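Take the model in hand and follow its side chains from rings to charges to strands. A few contacts at a time will do.

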Amino acid sequence: MLTGRYTKQLKSNLLQLQPLHPFGPEWSAQRELSDELKHFIVHRAKQYLHFEWPSLNAALFMDFSRTGNRVRYETPYFNRRRALQALILGEWIEGKGRFLDDLINGLWAICEETTWILPAHLYMARKKQEPLADVTEPLIDLFAGETGALLAWGLYLLEPALAGVSPLLVERIQNELKRRIIDPYLKRNDFWWMLEVNPFGINNWAPWCTSNCLGIILLHESDEARRIEAVVKGMRTLDLYIANYPADGGCDEGSSYWYRAGGSLFDCLEILHMASGGQINIYDEPLIREIGRFMLKAYIADDYFVNYADGAARQWGTPVCLYRYGERIMDQKLSALGRRLHRQRREQGMLLQTESLFRELQELACYEHLTAPGQEKVFLQDSWMSDLQIITARETSGAANGFYLSAKGGHNAENHNHNDVGQFIVYLDGNPLLVDPGVGTYTAQTFSKQRYDIWCMQSSYHNLPAINGFQQQAGREYAAHSCDYKVTPERASFTVELAGAYPAEAGLESWRRSVELHRIDTAKVTITEEVALLQETADIAMHWITQCLPVSETNHELRLISEGREVARVQYAGPFLKCRIERIELEDEKLRDVWGEPQLYRIIWIPESSVKTAAWKFSVFRE
């Protein structure tokens, strides 16, 4: 897509690639910011005056290889970068020099790090099984790229001030960028995320790493031939990435990952657009438009999004990406969603909402438009992503009130996969009823062969059945079949065959699931399970996960309680079921933050007697 359109032009008409100017060439925007925003930026920087830069010693780096724990190293690692970004922007805005010594300490400390990659990504090294990084082999992972971009944009903003203290500091930063990012990017083709040699699949690493490498090189590489080489190489990676994207624009990594999948692709396209004076522009491509619109399709209400795979149910992301993407593809609803999410965080005191300096500069560049009042028509009533096999539907057009339903088909080898073929979620008035738990804090186990030993990756901790003790299995062959989607003004429905997601030992001939949102008369959601087994069994467990307190008081009925009041009821028709309720203690801090509670609940529906064929119909309704 990119190389076909622009490679020849790069070598002829676009040889004079322009410097990157997020604010335009005059760089006067910092004088035009509101006093409130300037105060926020300077106040944030003041918190890091006399900052004690945390140690990143060898033992801490080796901790991941010894224990699998990522947090103990990554916490001080990211704290260093968060502090440096705040100090850089504070000094740029204020310009009085009071933040210089502290930010120079930070620059020096980061330049002194043996490696900028995370210990969890040391698998990229040529010397395998080593617990420490090899200083002679600079590696570019997600956060080496992010670190390089932070230094590159920081130097771009403050080079005169830094050179005024010592020209050697500027030279040091430039040398580190060249040694750690620019030269490895141009010389190597075997970083898997470049997609030239790729044993790990195609995911957000490709655009995320590429966006940072392109930005660094176009900011600080003076050799025009090398700049052109980098752009051609980046466009080739992006073409491979885009070619792998489904036509419906769906992000199978989970909606919270969109900001580093489709969102990082947008970063790349913006960098190329700026560097070429607008001549590199593929925003008219239907697929590029659909990639942006995915987040609009996944939006539920407030900060809730559809969260299959490793997505989080509650997320803020980077609202400016949605706003600016919407502006580029001329989708007013997507831009309005960005404004809405941004406004909600401003109301909580967060005026700037990104940890990427490049994105923060983009946010400042459009801040007046991003924060302008306007109608926020962001609630799509229905959407169907036919490639990912995801349905979303809401009871009321253009509003969050009423029932919201989403369900999926798919297969169990998706990016950031959970074994969740046939999963569904239900919200009411923008609040969760039946949920997908999401994913906890990453450890070594998360991306190992033991991934599906983690409870929240298993189908029995989704709204899915287990049959004869068997859950869904991982692999491309474990997939949905016979998906059927229908929508009318009165209802939206999704029907899927789940048997193919289970091993043969489960003894399934068919498990036909239909989920429907009924919008007229008494609004409700129904879930119909039509089951055919090879042999009779009572060993069937239909699992539902909820944030509400489930109370089973009568046969065939269940109450869902939230904040001390009943919010919904569940009734079923069909062979008698016993209802068992389990409390899931959320020991993981990330999951507690998402759900705001120390627990979820698992409802387990179990047949009282053996069946070979059966049909159950559950209705979820407001009392």
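What follows goes through aromatic rings, cysteines, salt bridges and a few backbone details.

This is a predicted model, so local features need pLDDT of at least 70 and side-chain atom pairs count only at pLDDT 80 or more, while totals for chains, interfaces and linings use all residues. Residues are numbered from 1 along each chain as its sequence is written, and side-chain values use heavy atoms, with hydrogens and water left out.

Start with the rings. A pair of aromatic rings is described by the distance of the centres and the angle of the planes. Here, rings of Phe, Tyr and Trp (its six-membered ring) pair if their centres lie within 6.5 Å; planes under 30 degrees apart are stacked, over 60 edge-to-face, and the rest tilted. The structure holds 32 aromatic pairs. Take Trp258 and Tyr259: the ring centres are 5.4 Å apart and the planes stand at 85°, so this pair is edge-to-face. How accessible are the two residues? Buried means under 20% relative accessible area, exposed over 50%, and partly exposed in between (1.4 Å probe, protein chains only). Trp258 is buried, at a relative accessible area of 0%. Tyr259 is buried too, at 4%.

Rings also gather in a cluster. Phe61, Tyr73, Tyr77, Phe78, Phe143 and Trp208 form one aromatic cluster. One member, Tyr77, also meets a charge: the charged end of Arg81 sits over the Tyr77 ring, 3.5 Å from its centre. The criterion is that NZ of Lys or CZ of Arg is within 6 Å of the ring centre and within 35 degrees of the ring normal. Lys590 gives another case, with its charged end over the ring of Tyr442, 5.2 Å from the centre.

Now the cysteines. How many disulfides does a search of the whole structure find? The search finds 0. A disulfide is a pair of cysteine sulfur atoms within 2.5 Å. Cys111 is in no disulfide, and the nearest cysteine sulfur, that of Cys213, is 17 Å away. Cys111 is buried, at 2% relative accessibility. For Cys209, the closest cysteine sulfur is again in Cys213, at 6.4 Å, which is too far for a bond. Cys209 is buried as well, at 0% relative accessibility.

Turn to the charges. Side chains of opposite charge can pair when their charged atoms come close. A salt bridge is a side-chain nitrogen of Lys or Arg within 4 Å of a carboxyl oxygen of Asp or Glu. Asp63 pairs with Arg72, with 2.8 Å between the closest N and O atoms. Asp63 is buried, at 13% relative accessible area, whereas Arg72 is partly exposed, at 42%.

Some bridges span the sequence. Asp310 and Arg451 meet in a salt bridge, 3.2 Å from N to O. Helices (H or I, at least four residues) and strands (E, at least two) are DSSP runs, numbered from the N terminus. Asp310 lies in the loop between strand 2 (304-305) and helix 13 (319-329), and Arg451 in the loop between strand 8 (431-434) and strand 9 (465-467), so the pair ties together parts that are 141 residues apart in sequence. Both Asp310 and Arg451 are buried.

Arg519 is in the loop between strand 13 (508-518) and strand 14 (524-537), Asp382 is in strand 3 (residues 382-385), and the two are 137 residues apart. Arg519 is buried, at 9% relative accessible area; Asp382 is partly exposed, at 25%. Salt bridges also form a network, which links Glu112, Arg172, Glu176, Arg179 and Arg180.

Strand 7 (residues 424-428) and strand 8 run antiparallel and are joined by 3 bridges. Two strands pair if DSSP finds at least two bridges between them. Val426 has Leu434 of strand 8 as its bridge partner. Their hairpin has 2 residues between the strands, and there Asp429 takes a positive phi near 55°.

Where else does phi turn positive? Gln389 is a residue other than glycine with a positive phi, near 60°. Gln389 sits in the loop between strand 3 and strand 4 (390-394). His416, also not a glycine, has a positive phi near 55°. His416 lies in the loop between strand 6 (411-412) and strand 7, and is buried at 12% relative accessibility.
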